[in-house]
Amino acid sequence: QGKAIGETILGLGLRKLGVLSVNDAFGVGLAVKFRETIEKGGGRIVAAETAHPGQGDVRTQLEKLRTANPEGVFLVLHPGQAVAALKQIRELAIRARLFGADTFSNRDVYGVAKAEAQGVIFSLPAQPDSPTFKQFSTEYENAYKAPADINAAAAYDATMLLARAVRAGARTGEQIRQYFDKQEPYEGASGLIIWDENGDVISKK
């Protein structure tokens with residue numbers, strides 16, 4: 001996602017970018033890949049700020065971003081934080097174009113912050129067209145009376161993969177990590193899952 005949104009931004013002609021990311025594996029991983037893509041493409045990260053998981057007030061970070069005057073800001077935040085950040089961005093009259101990760105597809109974002117989210121461009125893995133996803137989608141709709149999306153499929157895959165690790169004897173976080181270090185590609189509801197040496201999924205488009 002970091003690479004995809006970075007390439008999209010460069011394609012729009014923007015070269016001065018800011019980043020606000022949550023300080024966890026999700027946020028750090030995307031922010032690093034985003035920076036690599038932007039700098040490789042001739043752009044600059046003029047400000048990079050982080051927020052703790054669950055932190056709702058990010059005005060201090062946003063003030064620093066505003067001072068750097070970026071042309072665009074990449075928000076790598078969890079849904080609740082994204083809602084708060086969007087409202088605070090409007091409050092602080094930040095005029096940069098806004099970009100987000102797949103968490104912006106969450107109903108909380110476009111439901112609670114519908115007006116503030118207008119115009120935000122975000123990345124989202126393509127919905128797979130595979131028998132595995134179709135079966136999952138059918139069972140999901142039967143159970144929850146709502147259509148399955150890529151986030152539901154990804155959550156299902158994460159749960160199933162964790163269960164496989166536990167069945168194989170992994171009990172601690174380190175044992176689970178070691179289990180995945182040795183894993184072959186996995187065909188899940190969200191599509192083919194292949195990890196790189198850092199544990200990041202590199203098979204999604």
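Trainee: Let's begin with β3 and β4: how many bridges join them?
Mentor: Strand β3 (residues 72–76) and strand β4 (residues 97–100) run parallel and are joined by 4 bridges. Strands here are DSSP E runs of at least two residues and helices are H or I runs of at least four, numbered from the N terminus. Keep in mind that this is a predicted model: local features need pLDDT of at least 70, side-chain atom pairs count only at pLDDT 80 or more, and totals for chains, interfaces and linings use all residues. Residues are numbered from 1 along each chain as its sequence is written, and side-chain values use heavy atoms, with hydrogens and water left out.
Trainee: Which residue is the bridge partner of F74 in β4?
Mentor: F74 has F99 as its bridge partner there.
Trainee: And what is the order of the strands in the sheet?
Mentor: The open sheet has 5 strands, ordered β2-β1-β3-β4-β5, with parallel pairing; two strands pair if DSSP finds at least two bridges between them. β2 (44–51) and β5 (121–122) are at the edges with a single partner strand each, so one side of each has no neighbour in the sheet.
Trainee: Which strands does α2 touch?
Mentor: Helix α2 (residues 25–40) packs on the sheet and touches β1 (16–22), β2 and β3, where contact means heavy atoms within 4.5 Å.
Trainee: New topic: is Q61 buried or exposed?
Mentor: Q61, in helix α3 (residues 59–68), is buried, with a relative accessible area of 8%. Buried means under 20%, exposed over 50%, and partly exposed in between, using a 1.4 Å probe and protein chains only.
Trainee: What lies 3.0 Å from a polar atom of its side chain?
Mentor: For Q61, that is the backbone oxygen of T50. Leaving aside residues up to four places away in sequence, Q61 touches L20, E49, T50, A51 and Q55.
Trainee: Which residues have the most contacts inside the largest nonpolar core?
Mentor: That core has 24 residues, and those with the most contacts inside it are L20, L62, L75, L77, L86, F104 and V109. A nonpolar core is a set of buried Ala, Val, Leu, Ile, Met, Phe, Trp, Tyr and Cys residues joined through side-chain atoms within 4.5 Å.
Trainee: Which elements give two or more residues to it?
Mentor: β1, β2, α3, β3 and α4 (79–91) do, and α4 gives the largest share of this core, 5 residues. Another core, of 15 residues, lies apart from it and includes I9, V19, F74 and F99.

Technical notes
Axes fitted to C-alpha atoms, helices over the stretch in contact; angles between N-to-C directions. Polar contact = N/O pair within 3.5 Å; in protein donor to acceptor, adjacent residues only side chain to side chain.
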